[in-house]
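Hi,

Here is the structure I promised to pass on.

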Amino acid sequence: MQNIDNYDFNNKRAIIRVDFNVPLDDNFSITDDTRIRATIPTIEKIISGGGSVILMSHRGRPKSKDDVKLSLKHIIKHISKLLNKEIQFADDCIGEQAVTKSKELKKGEILLLENLRFYVEEEKGNIEFSKKLANLADVYVNDAFGTAHRAHASTTIIAQFFPNDKMFGYVIENELNNIDNMLLKAKKPFTAIMGGAKVSSKITIIKRLLPKIDNLIIGGGMTYTFIKAKGGKIGSSMVEDDKLDMAVEIMKLAEENNVSLYLPIDSLNADNFSNDANTNQTDIDKIENGWMGLDIGQKSIDKFTEIIKNSQTILWNGPVGVFEMGKFENGTKQMAIAIAEVTSTGSFSLIGGGDSVAAINKYNLAEKVSYVSTGGGALLEYMEGIELPGIKAIRDK
Ligand code: AMP
């Protein structure tokens, strides 16, 4: 398998699948450029090796080519500023302009292609479309971990046209190294904090983690399905009534795997789902009718913090409360602070899954944890042991 560090890019045109699916405000200014900044080392490596670069990405879910809001032209200036270099643009990702501009690329030059999803062929994994993209370049680099679990044209199908010239960029390499290190070489105690809304979306990953971890902390909306399954009173808290047996199964499996499972001890409740709601704090299993648990209480924060501080490895997926609302963010904020603190004393922490990443960013702690994953669904699927098509396509001979 080729590797970005020892491949000779001299006089080669590299087409890189990046993830430039960044949020823009109404004035088309980028509100979070993390994903763009993440790909800079890959681009710079190729340029410094004497190559030229063709960048391709999707953005949003365009209905047609007329969806100008989702054009990648809005981000040219920003990429150009970050790289301190002029960026060329092809207003169609395939077609004559893309062909001519890529052919004329000189050493060190960069061309950005228009949104791949302006063609339905991208998500369909159409082979002719993949071939047209492949024809623009000499070497293929996949650096979009967030879409590696999709067998799209630019993430997977295209790789077959580069049997000897395909590789991962640094974003994917870092992801795989960090996740593999955590799953295969975790220092113990290993604690997983699983939060978020629903137990049904996390069941596979929890089952997969149980043989590896020592502690499982449950928080967020899924808590109440567990508490109800144990016979507690949860008022009108979020619950998946058809998943009570799933919760029971997880509790049983935790015991069989000698994993200590910690549910919240107390709950911060609201009389409606809003930041202006009246609140009270009760034991987690004594929530009155008309009240819903939207955050963990102080006793839970203290207990969870203590467990985190005694862990050598921490995986955090999903907030422990409705952290988007100021009144119900404290539990999630305190988890983020505890994880940052224990990281500063040498523990390894990996944050993954859309909403915990949003939370760690909200509290400006992304730099204080060991690794923040760029993949939501892709991260979960990879940790579940599923072979991601985008990863397989590079690894396959
Ligand atoms: P997920 O995408 O499954 O990780 O879920 C994240 C969402 O779960 C966030 O938007 C949180 O606001 C929400 N959430 C966390 N705790 C609760 C709760 N106790 N009740 C309802 N929603 C919650």
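**Around the ligand**

A nitrogen atom of the ligand sits 3.2 Å from a polar backbone atom of Gly221. Bear in mind as you read on that this is a predicted model.

In Glu324, an N or O atom of the side chain is 2.5 Å from an oxygen atom of the ligand. For Lys202, an N or O atom of the side chain lies 3.2 Å from an oxygen atom of the ligand. On its own the ligand has 510 Å² of accessible area, and the protein covers 80% of that.

**The pockets**

Which pocket does the ligand take up?

The largest pocket holds about 1,200 Å³ of space. It is lined by 39 residues, and Thr34, Arg35, Val357, Ser373 and Thr374 are the closest to its centre. The elements giving two or more residues to that lining are α1 (34–48), α6 (170–185), α12 (354–362) and β17 (371–372). Of these, α1 provides the largest share, with five residues. By class, the lining of the largest pocket splits into 19 polar, eleven nonpolar and nine charged residues.

Cheers

How values were computed
Residues are numbered from 1 along each chain as its sequence is written. This is a predicted model: local features need pLDDT of at least 70, side-chain atom pairs count only at pLDDT 80 or more; totals for chains, interfaces and linings use all residues. Side-chain values use heavy atoms; hydrogens and water are left out. A polar contact is a pair of N or O atoms within 3.5 Å; within protein, one must be able to donate a hydrogen and the other to accept it, and residues adjacent in sequence count only if both atoms are side-chain atoms. Accessible areas come from the Shrake-Rupley method with a 1.4 Å probe; for residues, only the protein chains shown count as cover. On a 1 Å grid over the protein atoms alone, a cavity is a set of points where a 1.4 Å probe fits but cannot get out, and a pocket is an open set with protein on both sides within 12 Å along at least five of seven lines; lining residues have an atom within 4 Å of a point. Grid points are joined across faces, edges and corners, and a volume is the space filled by probe spheres set on the points. Helices (H or I, at least four residues) and strands (E, at least two) are DSSP runs, numbered from the N terminus. Ala, Val, Leu, Ile, Met, Phe, Trp, Tyr, Cys and Pro count as nonpolar, Asp, Glu, Lys and Arg as charged, and the others, Gly among them, as polar.
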